Amino acid sequence: MSAEEITQLAYLVPVALFVLGIKRLARVRTARTGNLILASGVLVAVVITLVEMGLVNYTWMVLGLAAGGTVGVITVLRASATSMPQVVARFNGFSGAAAALVGLALFWEEVVFPDAGEGAIGLMGAMAGLALAVSVVIGAATLSGSILAEAKLWGRLSRLTRVPGRGPLVVGASILTVVAMALSLSLVDVRHAALAILFLLLFSLAVGFFAVAPVGGADMPVMISLLNSVSGLAVAASGFAIGNTMLIMGGIIVGAAGLMLTQIMCVAMNRTLWSVFAGGLDEVASGEGDSYENVVGSDPEEAAMVLEAARNVVIVPGYGLAAARAQQPAADLADALAEQGVQVRFAIHPVAGRMPGHMNVVLAEANVPYDRLVEMERVNSDFPNVDLVIVVGANDVVNPAANQASGSPIAGMPILDVENARRVMVVKRSLSPGYAGIKNELFERDHCTMLFGDAKQVLEDLVREFRAGVPTP
Amino acid sequence: MTGTLILSIYVFVLAAFLGYELLTKVPPMLHTPLMSGANAMSGVVVIGALVLAGATSGAVATVFATLGVAFATANVVGGFMVTDRMLGSFTPGKKERS
């Protein structure tokens with residue numbers, strides 16, 4: 001058996017670790033060990049590769065490993081729980097960048113440096129050449145898309161959603177990408193081919209940028225999971241280009257996982273992937289001019305009295321909770337209620353927040369035990385038995401318009417039916433519409449009161465008033 | 001088409017099914033860790049970059065490959081760390097928390 005065959009066989013170990021790890025990562029009890037198994041899988045793959053390479057010049061490898069390791073550790077140490085979507089977006093971009101760079105390095109190694117008077121297709125074969133170009137394209141598009149997504153998540157560049165003429169821009173950049181791809185693979189003069197692949201890189205970056213530009217706000221969970229998926233595909237393409245089964249398997253498992261999440265997110269919003277990319281929702285239905293009548297405002301003192309009478313409370317967190325960093329007072333409120341023997345739960349809408357599972361991560365950071373969290377499907381039938389719902393920084397996911405006949409841009413979207421509860425309190429900065437840009441009739445209902453203000457401040461006041469009004473245990 | 005390529009395509013297609021089958025019915029709570037853990041796993045592209053960084057003959061290819069190693073390593077190290085941190089913050093409840 002040759003050394004290469006042994007290596008190929010040895011790669012079965014990390015592949016098996018990947019399968020075991022992913023399987024465990026998908027179960028609550030085993031998730032943490034699953035993650036460790038995945039990490040050890042990558043480590044084993046690296047060791048096998050180094051052993052197979054034998055003695056080479058390690059300078060550049062060590063430099064890259066040290067620099068990358070440092071950046072990775074610093075990024076994580078500096079991240080807060082509320083910035084998790086940004087961190088996930090950034091790491092997505094990193095794997096895209098790595099795949100694109102592997103493609104470029106391979107191109108210089110196989111085509112440009114030998115200068116054999118032949119094009120990439122002649123030197124590498126059509127399939128490997130194509131895979132190389134695809135890994136550059138998808139990798140670069142993932143990189144620029146993820147950087148833009150991160151910038152949007154930080155709250156910058158939000159006006160980009162209304163860039164005029166972005167459709168033609170995407171189409172134009174895509175056509176140029178295909179042309180550059182064909183040229184870089186077929187040109188015989190290596191200098192021209194090198195130039196073509198650099199243009200390919202540039203156009204791919206543009207495609208990623210223009211594709212993500214219109215996506216924003218509540219569509220972000222779909223975008224983030226899709227970027228996750230394509231970053232896996234980029235890695236699989238690099239695997240095809242360099243003929244490494246390990247990369248193909250690792251990449252495509254990530255691609256499949258991301259695609260599945262994307263699908264879950266789309267279903268949870270009753271939106272197609274296409275409409276997410278088209279950007280925004282129907283302008284026709286924009287409700288910015290809608291005025292509200294019979295809105296009842298309240299204050300924490302009054303709200304605390306309502307709380308004292310409630311025996312069954314559900315808290316509905318939305319992106320506003322994460323944005324205001326109100327997870328700790330929300331957790332304190334739940335603790336204070338539980339101490340009085342009140343049944344208290346957090347109802348999580350699948351697309352609440354800016355990435356899949358965002359609310360779970362944010363609340364976990366505030367030490368909310370996960371058995372206090374309840375999924376939409378399981379809580380909806382129970383709302384008639386709920387004394388009080390406290391909506392914190394959520395809007396569209398509790399808008400009863402979704403349950404009514406068509407005509408509303410969110411019609412058909414599964415929502416939390418909080419209107420069926422006996423009382424509803426909404427903690428919100430103002431009456432401004434959510435991402436869908438439509439009026440929320442919930443706010444006008446007789447059994448709904450509004451607590452205007454910063455979510456963190458309001459909840460802190462509420463906890464204080466509530467604790468002051470009840471006997472301490 | 002070469003035999004290796006056909007085998008690679010087999011691997012690709014079967015792994016896609018595997019990835020999909022492994023991940024049906026993931027509880028929503030694990031969506032974020034799953035995404036960030038899977039993404040860290042795609043950092044396995046580091047081995048491709050390592051081979052190129054150790055074996056390339058030209059300066060340009062070495063620079064690209066070294067950058068590739070750096071990005072992929074950051075993704076692997078940071079990605080698994082952040083996933084572990086998230087999973088560590090999930091507490092089951094019921095028993096009294098300190």
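This is a predicted model: local features need pLDDT of at least 70, side-chain atom pairs count only at pLDDT 80 or more; totals for chains, interfaces and linings use all residues.
**Exercise 1. Chain B**

How many helices and strands does the secondary structure of chain B come to?

*Solution.* Start with the count: chain B has 4 helices and 0 strands. Next, read along the sequence, where the pattern is α-α-α-α. Then turn to burial: of the 98 residues in chain B, 63% are buried. Finally, look at the contacts in chain B with a separation of 6 or more: 59% of these join residues 24 or more positions apart.

**Exercise 2. A helix pair in chain A**

Find how helix 5 and helix 9 of chain A are oriented to one another, and list the residues that meet.

*Solution.* First take the axes. Helix 5 of chain A spans residues 84-112 and helix 9 of chain A spans residues 190-212; their axes come within 11 Å and cross at roughly 175°. Angles over 145 degrees count as roughly antiparallel, so helix 5 of chain A is roughly antiparallel to helix 9 of chain A.

Now for the residues. Helix 5 of chain A brings A:Ala100, A:Leu104, A:Phe107, A:Val111 and A:Val112 to the contact. Facing them from helix 9 of chain A are A:Val190, A:Ala193, A:Ala194, A:Ile197 and A:Leu201. Sorted by class, this contact has 10 nonpolar residues, no polar ones and no charged ones.

**Exercise 3. The sheet of chain A**

Trace the order of the strands in the sheet of chain A, and place the helices that pack on it.

*Solution.* Begin with the layout: the sheet is open, has 7 strands in the order 1-7-6-5-2-3-4, and its pairing is parallel. Which strands lie at the edges? They are strand 1 (296-297) and strand 4 (373-375) of chain A, each of which pairs on one side only.

Strand 2 (residues 312-317) and strand 5 (residues 388-392) of chain A run parallel and are joined by 5 bridges. Here A:Val316 stands opposite A:Val391 of strand 5 of chain A.

Helix 16 (residues 358-365) of chain A lies across strand 2, strand 3 (343-348) and strand 4 of chain A, and runs at about 140° to strand 3 of chain A. Helix 18 (residues 455-469) of chain A touches strand 5, strand 6 (423-428) and strand 7 (448-452) of chain A, with its direction at about 130° to that of strand 6 of chain A.

**Exercise 4. Two domains of chain A**

Locate the domains of chain A and describe the side of domain 1 that touches domain 2.

*Solution.* The bounds are 57-281 for domain 1 and 300-469 for domain 2 of chain A. Taken over C-alpha atoms, their centres are 37 Å apart. At the contact, 19 residues of domain 1 of chain A meet 20 residues of domain 2 of chain A. Helix 5, helix 10 and helix 11 of chain A each give two or more residues to the side of domain 1, and helix 11 of chain A gives the most, with 5 residues. By class, that side has 15 nonpolar, 4 polar and no charged residues.

**Exercise 5. Where chain A meets chain B**

Which element of chain A gives the largest share of the side that touches chain B?

*Solution.* Take the totals: 97 residues of chain A are in contact with 80 residues of chain B. Elements giving two or more residues to the side of chain A include helix 2 (12-25), helix 3 (31-53), helix 4 (59-78) and strand 4 of chain A. The largest share, 17 residues, comes from helix 5 of chain A. To finish, divide the side of chain A by class: 65 nonpolar, 25 polar and 7 charged residues.

How values were computed. Residues are numbered from 1 along each chain as its sequence is written. Chains are lettered from A and ligands numbered from 1 in the order in which they are written. Axes are lines fitted to C-alpha atoms, for helices over the stretch in contact, and angles run from 0 to 180 degrees between N-to-C directions. Angles under 35 degrees count as roughly parallel, over 145 as roughly antiparallel, 65 to 115 as roughly perpendicular and the rest as oblique. Two residues are in contact if their C-beta atoms, placed from the backbone, lie within 7 Å. Ala, Val, Leu, Ile, Met, Phe, Trp, Tyr, Cys and Pro count as nonpolar, Asp, Glu, Lys and Arg as charged, and the others, Gly among them, as polar. Two strands pair if DSSP finds at least two bridges between them. A residue is buried if 20 or more other C-beta atoms lie within 10 Å of its own, exposed if 12 or fewer, and partly exposed in between; C-beta atoms are placed from the backbone. Domain bounds come from an automatic or database domain assignment.
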